Amino acid sequence: MTPESAATIFNVSDLASAVNYYVEVLGFKIAFRYGEFAGLEYGNVLVYLSGPGHEGIKRAIGQGQLYIFCDEVDKYFQDISAKGALVMAAPGDRAYGMRDFGIRDPDDNVLSFGKGLEAEQ
């Protein structure tokens, strides 16, 4: 077996509002929508959003976290900040060898975007 991709599922309080944030602010595209469940994609990154009416396994809203590895972070941060991203931490070089930043969605799910510092050398 060779895994091809994975999807993180975030529980959200308002599916339409969350989809709008991920699409309009963060630049994701809608892959599918099925009732109170939506699949979003940005390149090979998949994020599934589970609205309050979805019958699947439920976790607390706003408890999700996702770290996305990227080829650059600064321009993307500028772009999404200008569109109203909910910033938690601006881009910076971290002691753990990454340049990254953190944002949250309207339900407090956390997304971090980073690239290895060695990629800049």
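Leaving aside its neighbours within four places in sequence, which residues is D105 in contact with? In this predicted model, they are F10, V12, Y21, Y22 and L86. The legends below begin with this residue.

Figure 1. D105 is buried, yet it has no salt bridge. The nearest side chain of opposite charge belongs to R104 and is 6.3 Å away, whereas a salt bridge requires a side-chain nitrogen of Lys or Arg within 4 Å of a carboxyl oxygen of Asp or Glu. The side chain of D105 does reach the backbone nitrogen of D107, at 2.8 Å. Among the residues in contact with D105, beyond its neighbours within four places in sequence, are Y21 and Y22.

**Figure 2. D108, a residue with positive phi.** D108 is found in the loop between β7 and β8. Its phi is positive, about 80°, although D108 is not a glycine. The residue is partly exposed, and its relative accessible area is 41%.

**Figure 3. The buried and exposed residues of helix α2.** Helix α2 spans residues 74–82, and its buried residues are Y76, F77 and I80. These three lie on the same side of α2 because they cover an arc of only 100° around the axis. Q78 and A82, on the other side of α2, are exposed. The elements that cover the buried residues of α2 include α1 (15–25), β3 (37–42) and β6 (86–93), as well as β7 and β8. Just after α2 comes G84, which takes a positive phi of about 100°.

**Figure 4. The largest nonpolar core.** This core has 25 residues. The members that touch the most other members are Y22, L26, L49, F101, I103, L111 and F113. Two or more residues come from each of α1, β3, β4 (45–50), β5 (65–69), α2, β7 and β8. Helix α1 gives the largest share, six residues.

**Figure 5. Contacts of F113.** F113 is one of the core residues that touch the most other members. Apart from its neighbours within four places in sequence, F113 is in contact with I68, C70, V73, Y76, R99, D100, F101 and I103. One of these contacts, Y76, is also among the buried residues of α2.

Definitions and conventions: Residues are numbered from 1 along each chain as its sequence is written. This is a predicted model: local features need pLDDT of at least 70, side-chain atom pairs count only at pLDDT 80 or more; totals for chains, interfaces and linings use all residues. Side-chain values use heavy atoms; hydrogens and water are left out. Buried means under 20% relative accessible area, exposed over 50%, partly exposed in between (1.4 Å probe, protein chains only). Lys and Arg count as positive and Asp and Glu as negative; His and the chain ends are not counted. A polar contact is a pair of N or O atoms within 3.5 Å; within protein, one must be able to donate a hydrogen and the other to accept it, and residues adjacent in sequence count only if both atoms are side-chain atoms. Contact means heavy atoms within 4.5 Å. Helices (H or I, at least four residues) and strands (E, at least two) are DSSP runs, numbered from the N terminus. The arc is that of the directions from the helix axis to the C-beta atoms. A nonpolar core is a set of buried Ala, Val, Leu, Ile, Met, Phe, Trp, Tyr and Cys residues joined through side-chain atoms within 4.5 Å.
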